[in-house]
Amino acid sequence: MIFVTEEINRNPKLIPNKSLNFNFSPSKCDDSWDMISYITSTEFKEISVPNYSCETIHCIVLFTGPSWATSSKIGTLLSIFTIGQIHYGQFHPVLSDHFLYPYLYQIAPKETRLPFAIVSLMLHFNWTWLGLVISDDDQGIQFLSDFREKIQGNEICLAFLNVITVNIKLYNTKAEKYYKQIMTSLANVVIIYGEMNSTLEVSFRRWVYLGIRRIWVTTSQWDVIAKTGRDYILDSFYDAFTFSKHHHEIPNFKKFIQTMNTSQYSIDFSVMRSEWMYFDCLVIESKCRTKSKCSPNTSLEWYASQGFDIAMNDENYNLYNAVYAYAHAYHEMYYEQVDLHPIISLCRPDCSQFYHRLKNVQFINPIGDLVTINEKTKYEADYDIFHISNFPQGLGIKVKIGQFSSYGSLGQQLSLSDEAMEWATDGRQFPSSACSETCRPGFRKFRQEGKAACCFDCFPCPENEISNTTDVDQCVKCPVTQYASMQKTHCLQKSVAFLAYEDPMGMALACLALCFSALTALILGVFVKHQDTPIVKANNRTNSYILLIALKFCFLCPLLFIGHPNNTNCILQELSFAVLFTVAVSTVLTKTITVVLAFRVTAPGKKMRGLLVSGAPNFIIPICTLIQLVLCGIWLGTYPPFVDTDPHLEHDHVIIVCNKGSDTAFFCVLGYLGSLAIGSFTVSFLARNLPDAFNEAKFLTFSMLVFCSVWVTFLPVYHSTKGKVVVIVEVFAILASSAGLLGCIFFPKCYIILLRPSKNTLKIIKKKHIV
């Protein structure tokens, strides 16, 4: 008050020729101490009014605070006498009721963004398990409501909530309960919100005195405790973070405090001394007795050195602005009235008009900050964030580490200086404050039923899901072309897999196909070499050649199934399989019918002989093949085979296979082959006992039996397998059925031709007929 009134009185541009005087007194309400200051006069300086005398009437304004309760009680009384009042404590919604307090104004900015500022700091340090201590009053309950709203959805929980009763007698019965609650909690971070000179302050001082190791987060008014002069055990006090409303430093204030001599003023500074001793009575009182430095004319510098910060705190800054608000309102009113009523305005100012102007005053203070009293235009406060470290021998270090801007863009409102933080903490790591250990990458959180959202267990991510950050609620599924690593922290690209020649199975099947193809070519060579022998000529030599050539290509057909698939290969696989096997089976059918017709020729009649001589059975092969070609054409024209991928079949591979396209067309082609095979089997079975020297009906029957068995077995296996296994099964079926035809039909003949040539003569044949 002394500093700001002297600064205003020295300002020639603000109410010139007038000076401000004030008085102040301590007020003890409900066992709490508050200071009440008020302007007692606005005296004229070096001005006289000739032939006129008057009794000057002053518009008194009381500056009350910092407790809102004190301002409320005084405001009720002042409203009766139409006396203005400015509350310089924290902004309180109760004091905004202009029906109850018509002449009470609040200079402090609103604090509705403070809970969000504190939550932002908690999220920055990943402190999610917190304790909250508030006063059991309207302001504390409102802060609790706002704080709970801000922590929702931010994974922050309250480990405990201490609502400190304001009644000192009731507090004494619950003090031990409050102490045990904070001591037994695992929360390392405790938020303190409320007013000084209260039971909340008593609790805080008791906890600090008892050496409770916590990180305290509070507002700037609690600095005096955080930086107390008491000698604590090393590391008994972790750290403190305080939020102070942002304002520029007032020039010359520290110098004024350091050089001010109390003896120059008529004010009783013993009250101030007693207030300071109240904060730390044992230490300062002992120093006063031993050093005799507590006399009334002692410089304030010595008091300020006893563990108190000379810098202006929020309440002092509010009081500074409140006095300036009074001066600006009075300045405007005075110079407006002096033009209308020069003499009357000097002696009898209109106080109602003055209070109205005070309510709406808005100005830029000397340090460049915007100040407004009107609540409709009042701005949200920005906050400076300070870190306080407490060391032995009462050494407290307070460092500004960042700022919170209420009007900053989302996500950029909190700004912390890493350099300032490192300097303030000397590189120390803050302890964690969490209900559960952090879930590492590769794990997800699993909520514990009946417990807070911050309490959870960590479970590994499910199959093929990952988490690359900590404390995730849900793991992320890898794309279909990727798979999760062993640690489940990132996705790996799946490699492409198909039945390749480099694979052992692919190499084995390719060797089998080439070997059987070479064996077929060898048998064909044997037949060509012995083409004039009875056993070759007896069973339609041309059909035998066609069958061997078809089987040779049937054995080569699996080579189209091995290697990297493409659309051409996929079409050729099914087309070559269908056509070549149709040729082979229809040739077997032709040979069977030829055997039957040859036997029937010996019977009376010429009809059968005409069919045999005309070569009618030889048309069976092209006709059957043509029908199969028509079916394949329909297949290719509607839904042809194509290259398909299956990323789900194997964990770390994308399987590339040929999709049949239309399963209906595939089974029609296969069914047509089956009908030809069944027809050949039936005819050959009926002709197996016909009397002929080289009757191969029995061998044809066995070959068709093997062929049908292979493909009947193939169908259920085809439906129950996927990926490369389907290809392997199909290739094996092709090789097995082709080998069955080759072995059952031609091996016995090769045995006679190569090993028993004596039986391959006309003489033996005639001898058999005679016998």
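**View 1. Parallel pairing of strand S22 with strand S24.** In this predicted model, S22 and strand S24 (residues 653–659) pair in the parallel sense over three bridges, where strands (E, at least two residues) are DSSP runs numbered from the N terminus and two strands pair if DSSP finds at least two bridges between them. Serine 495 stands opposite histidine 653 in S24. Residues are numbered from 1 along each chain as its sequence is written, side-chain values use heavy atoms, with hydrogens and water left out. Local features need pLDDT of at least 70, side-chain atom pairs count only at pLDDT 80 or more, and totals for chains, interfaces and linings use all residues.

**View 2. The open sheet of three strands.** The strands follow the order S22-S24-S23, with mixed pairing. Strand S22 (495–497) and strand S23 (642–650) stand at the edges, each with a single partner strand, so one side of each is left without a neighbour in the sheet.

**View 3. Helices H5 and H6.** The axes of helix H5 (residues 168–184) and helix H6 (residues 199–209), both DSSP runs (H or I, at least four residues), come within 11 Å and cross at roughly 40°; axes are lines fitted to C-alpha atoms, for helices over the stretch in contact, and angles run from 0 to 180 degrees between N-to-C directions. H5 and H6 are therefore oblique to each other, a word for angles left over once those under 35 degrees (roughly parallel), over 145 (roughly antiparallel) and 65 to 115 (roughly perpendicular) are set aside. Their contact (heavy atoms within 4.5 Å) involves residues including Tyr171 and Ile182 of H5 and Val202 and Trp207 of H6.
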